[in-house]
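This report goes through selected local features of one protein model. The sequence and structure are shown first.

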Amino acid sequence: MASKGNMEEFFACLAADTTFMSALQTNALSTQEDHCIIHAAVQAQFSDTAITLEDFWHLFASHSDVAPLYLSRAVHAHRKWQKKHHNVECGAKQTLAKDLGLKGDTLPYAKLAEAIPNFEIIIHNCVDSDKHKRGTILVDVGNEDLLADLTSPSLAVPPPGEDWYVVTPQKSAIFVNTEGKIELVVIHGACGTHLDILEYVNSVISEAVQDCKGVRPNHGGELIQYGWNAGACHLHVFGLVNNLTQKTHKNLTDDEHQQKDGAILGILALAWNLLTKTLPEEVVAPTRAAIADAGLPPMASKEDISEHGYYLDLPCGQLQFQAADPIHKDRLYAPYAFNWVTEHRVYDHKLTKIGPRNSHSLGGNYVDVSLHVVVCCAPDTAMCLHPEFRHGTTLARPGTLHQGTAINFSTHIKDAYDAAVKAGGLELLRNS
């Protein structure tokens with residue numbers, strides 16, 4: 001690229017560049033200083049002047065003997081800081097992983113009952129599966145005013161006079177049938193005391209909801225899909241989600257796009273690791289086996305199939321925001337679906353119309369109609385549910401915010417993947 005004389009001139013130019021040296025000495029050096037490096041390369045008459053910060057580090061490592069002492073000392077101090085910063089960061093990650101229980105083994109539910117406060121094991125069979133039809137709107141008793149403008153069939157829960165179980169906030173429970181099979185798990189406090197984790201996850205979800213188009217445009221809330229999907233509902237076209245709004249896509253650089261994708265993938269990775277360590281072994285083990293049998297590729301983004309950040313052996317993840325689902329079933333290839341509620345709060349008390357004289361539920365509560373169970377929504381709640389049971393969420397009162405992540409295993413995506421493999425159409429995806 002350059003002779004020894006050119007290299008000396010290159011380093012001398014950088015040492016004299018106050019912008020570059022200030023960033024280096026304050027440990028703030030980034031790709032924003034690329035223009036300084038390019039300018040120095042031009043001054044030194046390099047044959048190739050398209051030099052980046054990464055190139056600078058390689059050149060310095062190979063030719064540090066011709067660099068000015070002033071520059072060498074600054075680089076040495078920066079590398080010393082980098083090493084210290086890396087060690088501190090690694091230590092913090094290890095502490096956090098330990099605090100969140102990510103380093104431990106997945107426990108059977110009997111052991112979880114011993115370890116988690118207010119944890120109850122409930123022997124409970126499916127009561128009915130088809131009494132309440134698909135599409136029925138769910139609402140909490142006391143919130144019937146939310147049905148005023150709706151014409152669809154509705155069900156207020158828990159119905160007066162019927163035997164239903166209500167899992168109250170801060171209470172954890174597992175429902176096991178008389179054959180020993182787990183039907184529903186609810187565990188509050190998945191993050192423990194790390195409320196900063198919840199704040200970060202919620203900020204990423206909120207940003208994604210603003211940036212992306214929902215997969216259910218007629219839905220009361222927002223459902224943002226990430227990773228692999230199967231195209232429109234009437235198609236089987238396996239590929240990666242491309243759901244940024246046109247305005248967002250137009251205003252993002254490639255680096256910004258990748259950064260947003262990395263943030264979403266990161267919180268879904270966290271959700272998966274947290275859920276598989278929080279939920280019982282009897283749920284996690286068969287789900288992992290179903291994922292392995294499905295053979296789907298690791299989660300990735302459209303901008304980066306190889307993905308430099310996190311890897312998840314999952315077909316798709318979803319970010320939920322203010323969602324309310326009528327009664328339905330899920331068609332999944334795994335025996336359970338997982339979700340993690342990260343936020344549930346009032347942001348406008350006037351809109352909710354909740355006051356001293358009325359004690360409405362905020363809504364947004366999970367309802368398993370087949371089991372006759374209502375789970376009162378609360379932030380930092382890990383759940384797994386049986387997809388074949390009829391379930392949904394109650395209408396939320398205006399002025400409330402409810403969001404989280406859901407990890408599902410759609411047969412629609414699996415069928416599209418199998419069809420793509422059979423047609424020989426995945427090699428380009430894997431090798432690009």
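## Basis

This is a predicted model, in which local features need pLDDT of at least 70 and side-chain atom pairs count only at pLDDT 80 or more, while totals for chains, interfaces and linings use all residues. Residues are numbered from 1 along each chain as its sequence is written, and side-chain values use heavy atoms, with hydrogens and water left out.

## Helix H7

Helices (H or I, at least four residues) and strands (E, at least two) are DSSP runs, numbered from the N terminus. Helix H7 takes in 17 residues, 195–211. The expected span of a helix is 1.5 Å times one less than its number of residues.

Buried means under 20% relative accessible area, exposed over 50%, and partly exposed in between (1.4 Å probe, protein chains only). The buried residues of H7 include Ile-197, Leu-198, Val-201, Val-204, Ile-205, Ala-208 and Val-209. Asn-202 and Asp-211 of H7 are buried as well. An α-helix has 3.6 residues a turn, so residues three or four places apart point the same way.

Two strands pair if DSSP finds at least two bridges between them. An open sheet of 4 strands runs in the order S4-S12-S11-S14, and its pairing is mixed. S4 (165–167) and S14 (391–393) are the edge strands; each has a single partner, so one side of each lacks a neighbour in the sheet. From one strand to the next the twist averages 15°, where axes are lines fitted to C-alpha atoms and angles run from 0 to 180 degrees between N-to-C directions.

S11 (residues 366–368) pairs with S14 in the antiparallel sense, over 3 bridges. Within S14, Thr-393 is the residue opposite Tyr-366.

## Salt bridges

A salt bridge is a side-chain nitrogen of Lys or Arg within 4 Å of a carboxyl oxygen of Asp or Glu. The count by this rule is 3. In one of them, Glu-120 meets Lys-171, with the closest N and O atoms 2.7 Å apart. Glu-120 lies in strand S1 and Lys-171 in the loop between S4 and S5, 51 residues apart. Glu-120 is partly exposed at 30% relative accessibility, and Lys-171 is partly exposed at 23%.

Arg-397 and Asp-145 form another salt bridge (2.8 Å, N to O), linking parts of the chain 252 residues apart. Arg-397 is buried at 2%, whereas Asp-145 is partly exposed at 41%. Glu-343 and Arg-345 also meet in a salt bridge, at 2.4 Å from N to O. Here Glu-343 is buried at 13% and Arg-345 partly exposed at 37%.
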